[in-house]
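Student: Hey, can we go through this one together? I'm new to it and would like to start with the pockets.

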Amino acid sequence: MTRHLAPLFAASLAFVSPAFGQDYTVEVLQDNLDRPWALAFLPGTNRIALTQRGGDVLLWHPDGLVALSGGPDVVFGGQGGLLDIAPAPDFAESGWLYMTWTGAAEDGTTTHLGRARLDGMALRDLEVLHAVHPGIDSGAHFGSRIAFADDHVFAGFGDRGFKNFGPDHIAQDLSSENGSVIRLTLDGDIPADNPFVGQAGAAGAIWSYGHRNIQGMTVHPGTGALWLAEHGEAGGDEVNIIERGGNYGWPLVSHGVTYRGGDEFAPPHSPGDGFVAPVFHWPAGRSDHNPPSGMAFYDGAAFPDWDGHLLIGNLLHRYLGLYSEENGQITPVARLLEGEGWRIRDVVVGPDDGFIYVLTDGEDGKLIRLRPAS
């Protein structure tokens with residue numbers, strides 16, 4: 001199925017980032033996307049893979065938009081559906097596309113990690129590599145994002161919206177991958193050197209735990225470290241650098257407050273509390289927080305002032321955050337696209353042109369591109 005492609009420069013707007021005087025133009029490459037969730041460039045091509053939460057896997061290229069057959073069966077509802085997509089490190093040879101999605105489970109729904117081969121305009125050989133255990137009757141906090149590092153695939157999941165803020169919370173339960181980052185071989189096996197392999201009652205796939213709802217994940221281009229962004233309760237959203245076996249504390253420590261009463265329910269992170277503290281967190285409350293979605297380090301040549309900076313989408317306050325990074329610490333620099341009213345769902349850096357590609361959320365989602373105004 002081929003869908004209408006908006007003219008490449010149908011909407012071009014000039015912006016200036018006062019932080020560095022780095023001006024940019026916004027181009028709408030595609031509109032009329034229905035609740036898009038993720039985008040990824042296919043290596044060696046000018047095509048971009050897109051997901052829509054309702055279950056469509058799309059391929060965008062300068063001449064059109066095509067829906068692929070053979071995608072997974074998703075349960076669409078609440079925050080669930082078809083979520084992230086990422087080409088395998090050896091995509092040029094294997095054709096594997098990795099995906100996460102909400103699927104049926106014995107006790108409700110759960111997040112699945114799987115892959116399928118791209119063959120022309122179809123996905124073939126679809127296989128589930130991992131289904132988060134246990135399934136839960138909830139429509140919230142599925143996560144999830146995918147990243148590759150050290151010849152392994154990582155996926156980050158949410159806590160399914162559990163509100164029992166104490167030691168029995170599911171994100172603190174090592175028998176469950178809800179609220180965790182998992183690490184698998186590219187074929188879906190559990191590596192023998194995962195931190196909890198052989199521990200009685202623990203899920204061997206877990207790499208780190210104590211997370212609330214992971215919706216941003218990327219690999220630092222210089223250090224190779226895995227970074228993620230996750231939602232707080234009401235404020236307290238976090239950026240974390242992932243450590244093997246680390247407990248990130250949710251919900252026993254938090255910089256957020258309750259949604260309804262604005263009450264503290266846990267102490268903030270502090271030295272010696274036994275948890276891995278975030279490298280950055282947003283304040284409590286909803287006036288200036290950052291429910292994140294999408295995350296990428298800028299490593300292109302088009303915006304030299306932003307080299308090495310971190311980009312993180314903001315869903316509620318509707319901007320693309322730009323942050324400087326030095327020695328694992330980040331500092332806010334600018335709010336790109338602020339004032340456009342776009343919930344930012346995902347962001348990637350073009351591998352060839354160094355432009356910034358952004359996916360906006362909603363029933364009329366857009367694929368947009370930021371390029372230097374000159």
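Student: How much space lies in the second largest pocket?

Tutor: About 430 Å³ of space lies in the second largest pocket. This is a predicted model, where local features need pLDDT of at least 70 and side-chain atom pairs count only at pLDDT 80 or more, while totals for chains, interfaces and linings use all residues. Residues are numbered from 1 along each chain as its sequence is written, and side-chain values use heavy atoms, with hydrogens and water left out.

Student: What counts as a pocket or a cavity here?

Tutor: Work on a 1 Å grid over the protein atoms alone: a cavity is a set of points where a 1.4 Å probe fits but cannot get out, and a pocket is an open set with protein on both sides within 12 Å along at least five of seven lines. Lining residues have an atom within 4 Å of a point. Points are joined across faces, edges and corners, and the volume is the space filled by probe spheres set on them.

Student: OK, so which residues lie nearest the centre of that second largest pocket?

Tutor: Gln79, Gln215, His231, Leu315 and Arg343, out of 29 lining residues. The lining divides into seven nonpolar, eleven polar and eleven charged residues. Here Ala, Val, Leu, Ile, Met, Phe, Trp, Tyr, Cys and Pro count as nonpolar, Asp, Glu, Lys and Arg as charged, and the others, Gly among them, as polar.

Student: And what's the volume of the largest pocket?

Tutor: About 960 Å³. Its lining has 34 residues, and the closest to the centre are Ala40, Ala86, Pro87, Thr218 and Val348. By class, that lining has 23 nonpolar, five polar and six charged residues.

Student: Which strand gives the largest share of that lining?

Tutor: S12, with five residues. Strands S4 (36-41), S8 (82-87), S12 (145-149), S16 (214-219), S20 (292-297) and S24 (344-349) each supply at least two residues. A strand is a DSSP run of E with at least two residues, a helix is a run of H or I with at least four, and both are numbered from the N terminus.

Student: How many cavities of 30 Å³ or more does the structure hold?

Tutor: One. About 70 Å³ of space lies in the largest cavity, and its lining residues include Arg212, Glu230, His231, Glu238 and Trp250.

Student: Where does Glu238 sit in the strands, and what stands opposite?

Tutor: Glu238 stands opposite His281 in S19. Strand S18 (residues 238-241) is joined to strand S17 (residues 226-230) by four bridges, running antiparallel. Two bridges join S18 to strand S19 (residues 280-281), antiparallel again. Two strands pair if DSSP finds at least two bridges between them.

Student: New topic. What order do the strands take in the open sheet that includes S8?

Tutor: The order is S8-S9-S10-S11, with antiparallel pairing. S8 and strand S11 (122-131) stand at the edges with a single partner strand each, so one side of each is left without a neighbour in the sheet. Trp96 has Arg117 in S10 as its bridge partner.

Student: What about S5, is it buried or exposed?

Tutor: Five of the five residues of strand S5 (residues 48-52) are buried. Buried means under 20% relative accessible area, exposed means over 50%, and partly exposed is in between, with a 1.4 Å probe and protein chains only. On one side there are Ile48, Leu50 and Gln52, and on the other Ala49 and Thr51.

Student: Which strands does S5 join?

Tutor: Five bridges join S4 to S5, and four join S5 to strand S6 (residues 57-61). Both pairs run antiparallel. Ala40, one of the residues closest to the centre of the largest pocket, has Ala49 in S5 as its bridge partner. On the S6 side, Ile48 stands opposite Trp60.

Student: Which residue in the S5 and S6 turn has a positive phi?

Tutor: Gly55, at about 125°. Asn32 has a positive phi of about 60° although it is not a glycine, and Asn32 is exposed, with a relative accessible area of 51%. Leu337 has a positive phi of about 70° and is not a glycine either, but Leu337 is buried, with a relative accessible area of 1%.
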